[in-house]
Amino acid sequence: MSTWHEYVQRKGNLPEWPYPIHYGKVKEVVSDVLVIGAGVAGCRAAIAAARAGAMVAVMERGHAKRSGCGGAGVDHWHGAVTNPCSKVTPEMYTKACYDSMHGYTGAHVRYIINKEGWDTLLECEQMGIQIRDVHDEFKGADFRDEETKLMFAYDYQNRHVIRVWGFDIKPKLYAEMQRLGVDVHNRMATTSLLTEGGKQGARVVGATAVDARTGEFCVFRAKATIIATGGAARLALFAPEITAASSMADMNSAGVGQAIGWNAGAEFVCMEASGHNRLSGFGYTPYSMGGTSNTYHGAPIVDVEGKEVPWVDTFGRPLNTVLQRFLPAEGQQFILGIGIGITNYLREYNQDDLTRDLVERIRKGEFKLPLYADLTRLPETERRAIFGMMVGNEGKTRIPI
Ligand SMILES: Cc1cc2nc3c(=O)[nH]c(=O)nc-3n(C[C@H](O)[C@H](O)[C@H](O)COP(=O)(O)OP(=O)(O)OC[C@H]3O[C@@H](n4cnc5c(N)ncnc54)[C@H](O)[C@@H]3O)c2cc1C
């Protein structure tokens, strides 16, 4: 194995292009529904349309089997509020999101997600994705329901976020699309939407794309077109090789999906709530390292000398046990859980975290950098759930972990 640079230096020239060149050729694809972008959302849209009897075409820049943010897997499923153990209703959950964002969120979209999230998860189970502790690996754990074998994250009392074994979510969605006869076109980079009469703002009647391998131009004609190209991390962060980046969106996406919509005359909403991307240390913890956020919620954090940083509840009151980090604090309705596109949690729904004056205390010398997540200090089932199960199911790879 060598890098591209090493290869060119060694050989003295560029490698030959391994695919046939079809510049100047035009391919036409006709369908009822065209989905642009086959991440989790695009695949799900294609499956739903095909199940409803539509003829569906999908165009994907990478390969739909592993492309997009879900390609590496998923370890917990938010908003499954209608699961049999949940104490939260879709109305409660939607209100919590809406209030936390001070109205700058699509409450109707959140409501639909909450109403249907559990049903969608059951569909995933039918496709072969493991959503329960079927091998009884976590029997008796605080976060497990013994009857349904479901396992919960963040809020063990209200039980609306479910831990899942989702490393294969994309291959399973891909297989389902194939089973349903969805016409998938991989390695297609979309260039623009087609509108009726070529007029901006007129009805969309398809899209155009270039085959990234052959250079062939493709015209997709469809009665309905869905853009599902995901978030665009490259708009805020320019170097996808920064592995410590903690973006929840695709580091390779510079927003072509958004741009084709804009050029065709789409109206954009809730732009005020667009989230920026963050580097590690300034927010979300990346998956390759420990922290207190997301998958690692509840993990003990120690300084370089092994001194443990205290956890506090959402109102700043100290917490003494690990279990308390997964239960609503006194005066709190339920914990929403991080990772659902909320940038400003109301305390009423916020999760516990490290003491808020940590930065000051580091500056004063009470804690010495660097900090580490010390999972050995967790109760055994929690440790296995975070490190053995969750990190492996959504990390970049299951093997080194
Ligand atoms: C490391 C990581 C862990 C995560 N863990 C969880 C979790 O545990 N639980 C959870 O609920 N969420 C999690 N998320 C978030 C979740 O994975 C994403 O919100 C979700 O996968 C987004 O799906 P999407 O289909 O909307 O977008 P994407 O996954 O970004 O898919 C967009 C697709 O469009 C394609 N595309 C882009 N531009 C073009 C173009 N111009 N032409 C053609 N195709 C194009 C891309 O190749 C891609 O396949 C995680 C995200 C990351 C990055």
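Buried here means under 20% relative accessible area, exposed means over 50%, and partly exposed is in between (1.4 Å probe, protein chains only). Strands (E, at least two residues) and helices (H or I, at least four residues) are DSSP runs, numbered from the N terminus. This is a predicted model, in which local features need pLDDT of at least 70 and side-chain atom pairs count only at pLDDT 80 or more, while totals for chains, interfaces and linings use all residues. Residues are numbered from 1 along each chain as its sequence is written, and side-chain values use heavy atoms, with hydrogens and water left out.

Strand 2 runs parallel to strand 1 (residues 26–36), and 4 bridges join them. Two strands pair if DSSP finds at least two bridges between them. Val56 of strand 2 is the bridge partner of Val33. Strand 2 also pairs with strand 5 (residues 183–185), in the parallel sense and over 3 bridges. In that pairing, Asp183 of strand 5 stands opposite Ala57.

Cys218 in strand 8 is the bridge partner of Lys27.

Strand 8 is joined to strand 7 (residues 204–211) as well, here by 5 bridges and in an antiparallel arrangement. Arg221 in strand 8 stands opposite Gly206. Strands 7 and 8 form a hairpin with 5 residues between the strands, in which Gly215 takes a positive phi near 80 degrees.

## Helix 2 against helix 5

Two packed helices are described by the angle between their axes and the distance between the axes. For helix 2 (residues 40–51) and helix 5 (residues 169–179), the axes come within 10 Å and cross at roughly 25 degrees. Helix 2 is therefore roughly parallel to helix 5. The axes are lines fitted to C-alpha atoms, for helices over the stretch in contact, and angles run from 0 to 180 degrees between N-to-C directions. Angles under 35 degrees count as roughly parallel, over 145 as roughly antiparallel, 65 to 115 as roughly perpendicular, and the rest as oblique.

The crossing of helix 2 past helix 5 is left-handed. Val40, Cys43, Ala46, Ile47 and Arg51 of helix 2 make the contact with Lys170, Leu173, Glu176 and Met177 of helix 5. By class, the residues of this contact are 6 nonpolar, no polar and 3 charged. A crossing is left-handed if the near helix is turned anticlockwise from the far one by less than a right angle, and right-handed if clockwise. Contact means heavy atoms within 4.5 Å. Ala, Val, Leu, Ile, Met, Phe, Trp, Tyr, Cys and Pro count as nonpolar, Asp, Glu, Lys and Arg as charged, and the others, Gly among them, as polar.

Trp118 is found in helix 4 and counts as buried because its relative accessibility is 8%. Its C-alpha atom is separated by 6.7 Å from that of Val81, 37 residues apart along the chain. Not counting residues up to four places away in sequence, Trp118 touches Ala80, Thr82, Asn83, Pro84, Ile131, Arg132, Leu150 and Ile162.

Arg132 is placed in the loop between helix 4 (107–126) and strand 4 (162–163). With 19% relative accessibility, Arg132 counts as buried. Leaving out residues up to four places away in sequence, Arg132 touches Trp118, Leu122, Glu125, Thr148, Lys149, Leu150 and Trp165.

## Leu354

Leu354 has its place in strand 11 (residues 353–354) and counts as buried, at 14% relative accessibility. The C-alpha atoms of Leu354 and Gly316 are separated by 9.2 Å, the two residues being 38 residues apart along the chain. Beyond neighbours within four places in sequence, Leu354 is in contact with Thr292, Ile301, Val309, Pro310, Trp311 and Val312.

## Backbone exceptions

Most residues other than glycine have a negative phi, and most peptide bonds are trans. Asp136, which is not a glycine, has a positive phi of about 55 degrees. Asp136 lies in the loop between helix 4 and strand 4 and is partly exposed, with a relative accessible area of 30%. Tyr154, also not a glycine, has a positive phi of about 65 degrees. Tyr154 lies in the loop between helix 4 and strand 4 and counts as buried at 2% relative accessibility.

Leu369 and Pro370 are joined by a cis peptide bond, with omega about 0 degrees. Pro370 is placed in the loop between helix 7 (358–363) and strand 12 (372–373).
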